[in-house]
Amino acid sequence: CDPYFFVQTSYPQNLVIYNYKKARGGKVQGYHRDEPYADLIIPSHAPCILYGDMKFEFYDSDRIGRAEKMFWFWINTFFIENDYLCLPRHLVDNTKTDKKYDKFPTHFQVECFFQRIR
């Protein structure tokens, strides 16, 4: 698994405002296959400014074939409290299709840490 993500705005523009794979050269820094988590960090020198409704799409990059969309979620920045957001498995789109919990265990969650730009 070589995860990466896009951040895009909502309809009608649907503009990709951040592409982790392009920005980081395609490699997830600090990720090891035997770890149950991956830190996907947007560096402060290249901020991704979020406002309103935002969609995060996560992919698994395949060296041979196409990248596979793993999961996605929408957030509204109004609901972010204390610069932190935690989404359990049942709030993340495409995780419910894994009925045997092979890809997304019952304790799967997405944690997002934000930093305000002043």
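Biologist: Which residues does Asn19 touch, not counting residues up to four places away in sequence?

Modeller: Contact means heavy atoms within 4.5 Å, and by that rule Asn19 touches Phe5 and Phe6. This is a predicted model, in which local features need pLDDT of at least 70 and side-chain atom pairs count only at pLDDT 80 or more, while totals for chains, interfaces and linings use all residues. Residues are numbered from 1 along each chain as its sequence is written, and side-chain values use heavy atoms, with hydrogens and water left out.

Biologist: Where does Asn19 lie, and is Asn19 buried or exposed?

Modeller: Strands are DSSP runs of E with at least two residues, numbered from the N terminus, and Asn19 lies in strand 2, residues 16-19. Buried means under 20% relative accessible area, exposed over 50%, and partly exposed in between, with a 1.4 Å probe and protein chains only; Asn19 has a relative accessible area of 17%, so Asn19 counts as buried. A polar atom of the Asn19 side chain also lies 3.1 Å from the backbone nitrogen of Lys22.

Biologist: Which residues touch the most other members of the largest nonpolar core?

Modeller: A nonpolar core is a set of buried Ala, Val, Leu, Ile, Met, Phe, Trp, Tyr and Cys residues joined through side-chain atoms within 4.5 Å. The largest one here has 24 residues, of which Phe56, Phe71, Phe73 and Ile75 touch the most other members. Two or more residues of this core come from each of strand 1 (3-9), strand 3 (53-60), strand 4 (68-76), strand 5 (84-88) and strand 6 (109-113). Leaving out residues up to four places away in sequence, the contacts of Phe73 include Met54, Phe56, Leu87, Val110 and Cys112.

Biologist: How many aromatic pairs are there?

Modeller: Rings of Phe, Tyr and Trp (its six-membered ring) pair if their centres lie within 6.5 Å, and planes under 30 degrees apart count as stacked, over 60 as edge-to-face and the rest as tilted; the count comes to 14 aromatic pairs. One of them is formed by Phe6 and Tyr59, which are 5.4 Å apart centre to centre with 80° between the planes, an edge-to-face pair. This pair links distant parts of the chain, with Phe6 in strand 1 and Tyr59 in strand 3, 53 residues apart, and both Phe6 and Tyr59 are buried. The rings of Phe71 and Phe108 have centres 5.4 Å apart and planes at 75°, so this pair is edge-to-face. Phe71 lies in strand 4 and Phe108 in the loop between strand 5 and strand 6, so the pair ties together parts that are 37 residues apart in sequence.

Biologist: How do strand 5 and strand 6 pair, in the parallel or the antiparallel sense?

Modeller: Two strands pair if DSSP finds at least two bridges between them, and strand 5 and strand 6 do so in the antiparallel sense over 5 bridges. Tyr84 has Phe113 in strand 6 as its bridge partner, and Tyr84 belongs to the uncovered face of strand 5 together with Cys86 and Pro88, whereas Leu85 and Leu87 make up the covered face.

Biologist: What joins the side chains of Glu111 and Tyr84?

Modeller: A polar contact is a pair of N or O atoms within 3.5 Å; within protein, one must be able to donate a hydrogen and the other to accept it, and residues adjacent in sequence count only if both atoms are side-chain atoms. Such a contact, of 2.6 Å, joins the side chains of Glu111 and Tyr84. Glu111 is in strand 6, and its relative accessibility is 41%, so Glu111 counts as partly exposed.

Notes: Helices (H or I, at least four residues) and strands (E, at least two) are DSSP runs, numbered from the N terminus.
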